[in-house]
Amino acid sequence: MGNKKLPQPNTSSTADIAFLLLIFFLLTTTMDTDTGITRRLPPPVDEDVEQKVEERNTLVVLVSYDNRIMCEGREIELWELKDIAKEFIENPNNSAKLPKKVPVTIDFFGEVEITKPHVISLQNDRATKYWRYMDVQNELIAAYNELRDELSLRTFGKAYADLDEPHQKAVAAYYPQKISEAEPKTY
Amino acid sequence: MSKFKKSKNDGVPELNMSSLSDIVFMFLFFFMSVTTMKEVDLKVVVDVPQATEISKLEKKSLVTYIYIGKPNQQNRARMGSETRIQLNDRFAEVDEIQDYIAQEKGSMKEEDQPFMTVSLKIDKDTQMGIVNDVKQALRKAYALKINYSSKRRDNTAQ
């Protein structure tokens, strides 16, 4: 009786094959994660519908064709912008020139007065360079981030990034981000 | 006759290599799963601006890329040196963006479509005119979540 077994295949080469594949994927892998400034565009609107915003509630930031920054009717430097924006968003002294404060109920804070109707309107020329525009965007977002950080440190004793999600939401609601990237205009 | 036999083979015992392939396979699967093969070859030169307030882009499958910059050396003769838009592997005009977004959206799962993000990889010396046109096109295409791709800047180097 021939009780023949099937010959066992030689498996010593699987390691080599796997190594080859491994080296291939090692070389083609790009581990870099994409980073950037995330923004949300407003949905398309009809051309003739114009939103009415009170003058005290808007901060117009203009970036000219030669990359200079105009804010509230005067030329400013980039480093000034963050503080101007912060004061505008917070309106610490309840000034009549800065955005109106309205009472709002937010979790963890209860009823507070915040400058909810404020809008920062970012306008630019067609010839403005992209890097300048991004500098300005960056400063404006930095203003919001600093305010949120200060608030969360003051009330929760933690940085904004270390808060859990409901707390983060509450802080974000306290300083809602309202940057309007205006429709292009010709001057 | 002693009870303790001395081993005849005094050399170093050979290592068992059979688990080697398992280890290698584990590495292999790891790299296979993190590899993203869809890397378009850039036809435009994109040097993204620097920023400090940046966040990471999660979930690569939800991201669509739009590149804006000047054509690179190989394409300069054909396309000139004016700023151009690149979608996937070809040059495009602003009015093609809406179709492109619709097409990309269509290839996503339905439940993923609202989370679609458009990553704008724009060269830092681009003029805002073309960027505005692209933004308007994206608004019309209802691709509202965008990400201005930028590098991290050290605060000290400012």
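In chain B, B:Val44 has B:Pro71 of β4(B) as its bridge partner. This pair belongs to the link between strand β1 (residues 44-45) of chain B and strand β4 (residues 63-71) of chain B, which run antiparallel and are joined by 2 bridges.

With strand β7 (residues 117-122) of chain B, β4(B) runs parallel, and 6 bridges join the two. Within that pairing, B:Thr64 stands opposite B:Val118 of β7(B). With strand β5 (residues 84-87) of chain B, β4(B) runs antiparallel, through 3 bridges. Here the bridge partner of B:Tyr67 is B:Gln86, in β5(B).

Chain B as a whole contains 4 helices and 9 strands. Along the sequence, these elements are arranged in the pattern α-β-β-β-β-α-β-β-α-β-α-β-β. When contacts in chain B between residues at least 6 apart in sequence are considered, 76% of them join residues at least 24 apart. Of the 158 residues of chain B, 23% count as buried.

How confident is the predictor in this chain? The mean pLDDT of chain B is 81, and 90% of its residues reach 70 or more. Among the elements of chain B, the lowest mean pLDDT, 80, belongs to helix α2 (residues 73-79) of chain B, while the highest, 88, belongs to β7(B). Where pLDDT is low, the predicted coordinates should not be read in detail. For the complex, the predictor gives an ipTM of 0.71 and a pTM of 0.74.

The two chains may now be considered together. On the side of chain A, 39 residues are in contact with 43 residues of chain B. The elements of chain A that give two or more residues to this side are α1 (14-28), β1 (35-40) and α3 (130-156). The greatest contribution is that of α1(A), with 9 residues. By class, the side of chain A that touches chain B has 21 nonpolar, 12 polar and 6 charged residues.

Strand pairing also crosses from one chain to the other. β1(A) pairs in the antiparallel sense with strand β8 (residues 145-149) of chain B, over 5 bridges. In this pairing, A:Gly36 has B:Ser149 of β8(B) as its bridge partner.

The largest nonpolar core has 46 residues, and those that touch the most other members are A:Ala85, A:Tyr130, A:Leu140, B:Ile66, B:Val134 and B:Leu138. The largest share of this core, 9 residues, comes from α3(A). A:Tyr130 also illustrates contact between the chains: leaving aside its neighbours within four places in sequence, A:Tyr130 is in contact with B:Pro49, B:Ile122, B:Lys124, B:Asp125, B:Thr126, B:Met128 and B:Val131.

Helix α3(A) has 27 residues and reaches 38 Å from its first C-alpha to its last, which is close to the 39 Å expected at 1.5 Å a residue. After α3(A) comes A:Gly157, with a positive phi near 70°.

In α2(A), the residues A:Leu81, A:Ala85, A:Phe88, A:Ile89 and A:Glu90 are buried. An α-helix has 3.6 residues a turn, so residues three or four places apart point the same way. The cover over the buried residues of α2(A) includes β2 (58-63), β3, β4, β7 (119-124) and α3 of chain A.

Just after α2(A), A:Asn91 takes a positive phi of about 50°. A:Asn91 lies in the loop between α2 (78-90) and β5 (102-106) of chain A.

The place of A:Glu72 is the loop between β3 (69-71) and β4 (74-76) of chain A. With 13 C-beta neighbours inside 10 Å, A:Glu72 therefore counts as partly exposed, since a residue is exposed at 12 or fewer.

How values were computed. Residues numbered from 1 in each chain as written. Chains lettered and ligands numbered in written order. Predicted model: local features only at pLDDT ≥ 70, side-chain atom pairs only at ≥ 80, totals over all residues. Contact = placed C-beta atoms within 7 Å. Nonpolar A, V, L, I, M, F, W, Y, C, P; charged D, E, K, R; others polar. Pairing = 2+ DSSP bridges. Core = buried A, V, L, I, M, F, W, Y, C linked by C-beta atoms within 7 Å. Buried ≥ 20, exposed ≤ 12 C-beta atoms within 10 Å, placed from the backbone. Expected span 1.5 Å × (residues − 1). pLDDT = per-residue confidence, 0-100.
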